[in-house]
Amino acid sequence: MDLSSQDNLSMTSTETPPPLYVPPAQHGMQKIVDPLARGRAFRMVEEVDGFSVPQTPITPGAASLCSFTSSRSGFGRPPRRRKRQSVAKMSFRAAAALVKGRSLREGPHHRRTHRRSFTPASFLEEDTVDFPDELDTSFFTRDGLMHEELSTYADEVFETASEAAIKEAEDGRGAEESELTGSALDKSELERSHLMMPLERGWRKGKEGVLVQPKVRLRQEVVSLSGQQRRGQRIAVPVQKLFAREKRPYGLGMVGRLTNRTYRKRIDSYVKRQIEDMDDHRPFFTYWITFVHLLITVLSVCIYGIAPVGFSQHETVDSVLRNKGVYENVKFVQQENFWVGPSSEALIHLGAKFSPCMRRDGQVHELMQEKREEERHSGCCVRNDRSGCLQTSQEECSSTLAVWIKWPNNPSVPVLDGKLRQYGSVCHQDPRICLEPASVSPHEWPDDITKWPICTRYSTGNHTNLPHIDCAITGRPCCIGTKGRCEITSREYCDFMKGYFHEEATLCSQVHCMDDVCGLLPFLNPEVPDQFYRLWLSLFLHAGILHCLVSVLFQMTILRDLEKLAGWLRISIIYILSGITGNLASAIFLPYRAEVGPAGSQFGILACLFVELFQSWQILARPWRAFAKLLCVVLFLFAFGLLPWIDNFAHVCGFASGLFLSFAFLPYISFGRADMYRKRCQILASLAVFLGLLAGLLVLFYVYPLKCEWCELLTCIPLTDKFCEKYDLNAHLH
């Protein structure tokens with residue numbers, strides 16, 4: 001065959017060549033090689049990284065010299081570099097396909113696109129058309145990607161990768177498969193990507209300029225879960241969601257995940273940007289308050305012990321030596337504590353909310369005045385055998401076994417300003433024998449024995465010829481109970497009643513029992529209790545171990561979740577102010593019950609969930625359902641407050657104050673300029689209402705004390721006779 005016929009054959013084959021069919025592909029479609037594709041710049045097999053020389057595919061058996069010189073073949077054009085995709089760009093596009101729920105082989109309309117491949121020209125190998133069957137190019141089958149690839153060429157024909165590219169892809173695939181964990185995409189990862197919550201703000205902010213790579217391998221979509229793995233994830237997934245470390249989505253949070261709360265499908269871009277720009281915080285306050293609660297609870301249980309466990313009252317009966325020098329059967333009644341913790345007296349001593357320690361209580365003050373009036377007319381009862389003496393009233397002193405020494409009817413009466421003293425005598429105390437403080441002019445002891453000081457030093461001598469001085473005293477003041485009740489009794493009886501025995505005093509008027517009952521810092525004026533700091537000090541105490549565990553569980557879930565959104569400063573303000581308001585309301589309506597624990601604070605935090613729900617109402621799907629679920633939980637907790645030792649007044653007022661504080665301090669999103677101005681006015685109004693509520697409660701507590709007999713029914717339902725035992729001020733424990 002001569003050269004001319006070869007040229008003619010080449011020109012003919014270039015103009016109208018017959019189609020060449022290749023073996024069927026894996027998708028069931030035959031691939032056709034079109035050697036007349038014009039304007040396509042094909043890469044040579046040997047040239048991968050450099051400039052490739054454009055070539056026209058040559059039909060096997062139809063090559064000629066004219067193919068190299070034809071103007072339509074593209075061999076005479078200057079070199080052109082082919083556009084190549086970066087690995088990062090391809091990875092992100094694959095991640096976007098997975099997030100939208102599409103397969104990498106499907107387009108946006110689930111339309112399968114079949115590819116057509118052509119082999120590069122080669123004089124040595126004629127079976128290069130089989131390469132496309134060995135290369136999986138499903139990653140490039142998305143319509144958007146195809147359009148971008150084809151936009152740089154004159155026709156719509158796909159190109160097959162070179163041999164070196166195929167080898168490089170296989171090597172990379174092998175290295176990647178060795179690093180795969182073998183698990184499928186986690187649902188939480190998809191939710192996090194779908195909710196558009198990037199982790200670039202707050203304490204998780206990464207380094208600037210560093211590209212965040214996806215945490216899940218893209219090829220894990222082909223791994224299927226077995227039934228055994230799914231059963232294990234039923235428990236693991238909720239636990240992982242509970243303690244997840246990702247950024248908290250606004251309007252959802254932990255409660256939203258537990259109640260299956262979701263966003264709407266369409267959210268305005270302005271709102272999306274606000275959600276993405278919200279800071280992420282570490283829960284420092286939650287960890288601190290939880291540590292303090294645990295530490296104080298452990299110390300209080302170790303120091304004060306555990307009271308009888310139960311819901312009623314515990315009675316203890318024993319024979320104790322009393323004032324008359326004989327043993328008597330005595331009964332001690334103590335309120336049981338079902339929280340497994342200290343007694344109410346110990347909790348008051350630690351700093352529980354207790355109104356008589358925070359202000360001058362009218363009923364407690366009246367009882368003390370009645371006791372002083374009785375003591376003013378008392379005398380020293382001296383036994384006939386001089387075995388002992390005791391300060392009592394005339395009715396309690398035996399007329400046959402003892403002598404009741406009362407001034408001025410006794411010869412031992414002293415003189416004050418030329419007149420006989422009208423009140424006295426007092427066992428083991430007399431102005432004539434006391435050296436410190438001495439009764440000398442102008443600092444003479446008054447006639448009223450309830451105003452006498454405690455004598456710290458007496459004159460030497462065993463006998464003074466005064467029967468009320470030379471006798472052995474058998475009883476001294478003892479403060480018993482939580483109401484400051486004082487009795488002059490023996491030490492054995494005082495210890496059995498778990499009271500405070502005063503060895504240095506001789507009269508009840510010389511001791512301040514409320515100081516002993518309340519503990520902590522002494523009152524500035526012994527007659528006026530002023531421990532107002534119990535309003536927030538009781539927030540760090542708990543009635544027992546179970547009570548503390550409930551608080552820790554709440555704080556490590558609800559409080560920790562909200563602090564991620566609001567930050568430690570905002571959440572601490574809401575927590576403490578809600579607790580103070582709740583304790584103040586409890587002190588008004590239940591003044592004689594010792595209450596501890598952050599009940600008001602916890603309900604104030606629950607109010608934050610409602611406020612967050614209201615603020616994100618427009619971006620949530622089915623918000624009414626979320627509101628109903630949250631309302632059922634809160635109503636159940638209010639019903640739980642009807643048990644004894646649980647204060648519903650603190651719950652209600654803590655929830656109300658937390659509601660107003662949440663509107664003022666929680667971060668919010670706006671849905672326009674008008675909505676933004678409305679929420680700013682709402683902040684000012686909420687602060688004003690909270691301050692008004694707090695001021696009103698302070699007035700009711702200190703200025704106009706409120707007495708409510710039926711209020712206890714709102715916090716405890718008497719299921720049994722002693723289920724809601726009242727603290728009766730007139731009750732005697734013996």
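Reader: What is the torsion about the S-S bond of Cys 389 and Cys 471, and is the disulfide right-handed or left-handed?

Author: A disulfide is a pair of cysteine sulfur atoms within 2.5 Å. The torsion here is about 80°, so the disulfide of Cys 389 and Cys 471 is right-handed. Cys 389 is in strand 7 (residues 389-392) and Cys 471 in the loop between helix 14 (467-470) and strand 13 (476-480), 82 residues apart. Helices (H or I, at least four residues) and strands (E, at least two) are DSSP runs, numbered from the N terminus. This is a predicted model: local features need pLDDT of at least 70, side-chain atom pairs count only at pLDDT 80 or more, and totals for chains, interfaces and linings use all residues. Residues are numbered from 1 along each chain as its sequence is written, and side-chain values use heavy atoms, leaving out hydrogens and water.

Reader: Which handedness does the disulfide of Cys 479 and Cys 513 have?

Author: Its torsion is about -75°, so that disulfide is left-handed. Cys 479 lies in strand 13 and Cys 513 in helix 16, so the pair ties together parts 34 residues apart in sequence.

Reader: Are Cys 479 and Cys 513 buried or exposed?

Author: Buried means under 20% relative accessible area, exposed over 50%, partly exposed in between (1.4 Å probe, protein chains only). Both Cys 479 and Cys 513 are buried. Cys 302, with a relative accessible area of 62%, is exposed.

Reader: Which residues of helix 13 are buried?

Author: Val 364, Glu 375 and Arg 376 are buried in helix 13. They cover an arc of only 115° around the axis (taken from the directions from the helix axis to the C-beta atoms), which puts them on the same side of helix 13.
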